[in-house]
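Here are my notes for your next pass over the structure. Please keep the viewer open while you read them.

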Amino acid sequence: MSEPATMVTHELAVLDETGDTKLIWDEDKPEEVDAAKAMFERLKAKGYVAYAVDRKGEKGEVLERFDRSAEKIIMAPQMKGG
Amino acid sequence: MAGEDLAGWAGQTTPVWPLWTGSTASATADLAWANWSSLGTTGSVTTASEVWQTWTYETGTGVSSAWYAWVVTPGGASLIEQCTPVEQEMIRHVAEDVARRVDAGRQRAEAAQQKAEQLLREHLTPEQERAWQENRAIFVTGQSGKRYQIKEGHTHNVFEVDEAGRPVREFCVHVGFHVPKADNVLAQKLALQFNEAELLRRANWWDLSQPGRPLVHRGQ
């Protein structure tokens, strides 16, 4: 008997006044992918910066377009000088 | 006429200054202070706690105490006493509501900081985790290979450091005061690691190796 496929979840964390707001999606569920993509694009339009990072946060890159296969995306408001 | 305007403010025919000082028009700043602190002594009384106690009419520090005291004049006619019982009850309800909102806001901020702290620590190396626990600061290597130290905070908390770990440049750049400090630190860390040039472009910098700590770059 073959083992059931392991569901891989991906996470989008938005830094905000609550600490962070998380959105999780399963690549195999189109509605979840669409929801994550919609949030990503809405925040990008507001000037947020998106980082695709591995679980440890050691490897990563700036993300200009939503990547459904990204392990974890962290979105932060744009930096400004103080 | 100016004199009449002043009398109007005082609600009577005497000028404002004597009312503020409780004395004649020749009264000094010391007398004004003594009146404000309501201690009836000289201007040598300057402790903030004594003034606070007077403003709150007690030793408490709650917002409701301050609110209640604003409508109470120690030793004099009380505005709240001039209100009807129903009005007095309304004032107390407002004061209590204000205190509840302030407390709720404080709890939300504390919860947000704890959540942000958890997210930050998920993205620290073991070495950074130790440094954060000990010093509330982490060292980060930027994309360029330069080393930075990020201290807990929102502003003036990022430093370029030399081989010995000494700060040589100070940067002020942040994502805004609405996010908890730990979120700001995480955002700065990610920016240095993966978007260093953009962070430096947006930051204000100061050269710590020069006398007077000159500003050498204004953020764009």
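This is a predicted model: local features need pLDDT of at least 70, side-chain atom pairs count only at pLDDT 80 or more; totals for chains, interfaces and linings use all residues.

1. Chain B has nine helices and six strands. It has 220 residues, and 38% of them count as buried. Take the contacts in chain B with a sequence separation of 6 or more: 35% of these join residues 24 or more positions apart.

2. α6 against α8 in chain B. Helix α6 covers residues 85–121 and helix α8 covers residues 181–194. Their axes come within 7 Å and cross at roughly 25 degrees. Angles under 35 degrees count as roughly parallel, so α6(B) and α8(B) are roughly parallel to each other.

3. Who makes that contact. From α6(B) come B:Q113, B:A116, B:E117, B:L119 and B:L120. They meet B:K181, B:A182, B:D183, B:V185 and B:L186 of α8(B). By class, the contact holds six nonpolar residues, one polar and three charged.

4. α6 against α7 in chain B. Helix α7 spans residues 126–135. It packs on α6(B) at about 145 degrees, and the axes are 10 Å apart. On the α6(B) side the residues are B:E117, B:L120 and B:R121. On the α7(B) side they are B:E129, B:W132 and B:Q133. This contact divides into two nonpolar residues, one polar and three charged.

5. Aromatic pairs. How many aromatic pairs are there over all chains? The count is five. One of them is A:Y51 with B:F194, with ring centres 6.4 Å apart. The pairing limit is 6.5 Å between centres. The ring planes stand at 50 degrees, so this pair is tilted. A:Y51 sits in strand β3 (residues 49–53) of chain A, and B:F194 sits in helix α8 of chain B, so the pair joins two chains. Are these two residues buried or exposed? Both A:Y51 and B:F194 are buried. Elsewhere, ring pairs link A:W25, A:F40 and A:F66 into a cluster.

6. The surroundings of B:R202. This residue lies in helix α9 (residues 196–202) of chain B. Its side chain makes a polar contact with the side chain of B:E198, at 2.7 Å. What else does B:R202 touch, leaving aside neighbours within four places in sequence? In chain A, the contacts are A:Q78, A:M79, A:K80 and A:G81. In chain B, they are B:V173, B:G219 and B:Q220.

7. Positive phi at B:R136. Phi is about 55 degrees here, although the residue is not a glycine. B:R136 is in the loop between α7 and β1 (137–141) of chain B. Its relative accessibility is 30%, so B:R136 counts as partly exposed.

8. Positive phi at B:H156. This residue is not a glycine either, and its phi is about 50 degrees. B:H156 is found in the loop between β2 (147–151) and β3 (158–161) of chain B. At 32% relative accessibility, B:H156 also counts as partly exposed.

Notes. Residues are numbered from 1 along each chain as its sequence is written. Chains are lettered from A and ligands numbered from 1 in the order in which they are written. Side-chain values use heavy atoms; hydrogens and water are left out. Axes are lines fitted to C-alpha atoms, for helices over the stretch in contact, and angles run from 0 to 180 degrees between N-to-C directions. Helices (H or I, at least four residues) and strands (E, at least two) are DSSP runs, numbered from the N terminus. Angles under 35 degrees count as roughly parallel, over 145 as roughly antiparallel, 65 to 115 as roughly perpendicular and the rest as oblique. Contact means heavy atoms within 4.5 Å. Ala, Val, Leu, Ile, Met, Phe, Trp, Tyr, Cys and Pro count as nonpolar, Asp, Glu, Lys and Arg as charged, and the others, Gly among them, as polar. Rings of Phe, Tyr and Trp (its six-membered ring) pair if their centres lie within 6.5 Å; planes under 30 degrees apart count as stacked, over 60 as edge-to-face and the rest as tilted. Buried means under 20% relative accessible area, exposed over 50%, partly exposed in between (1.4 Å probe, protein chains only). A polar contact is a pair of N or O atoms within 3.5 Å; within protein, one must be able to donate a hydrogen and the other to accept it, and residues adjacent in sequence count only if both atoms are side-chain atoms.
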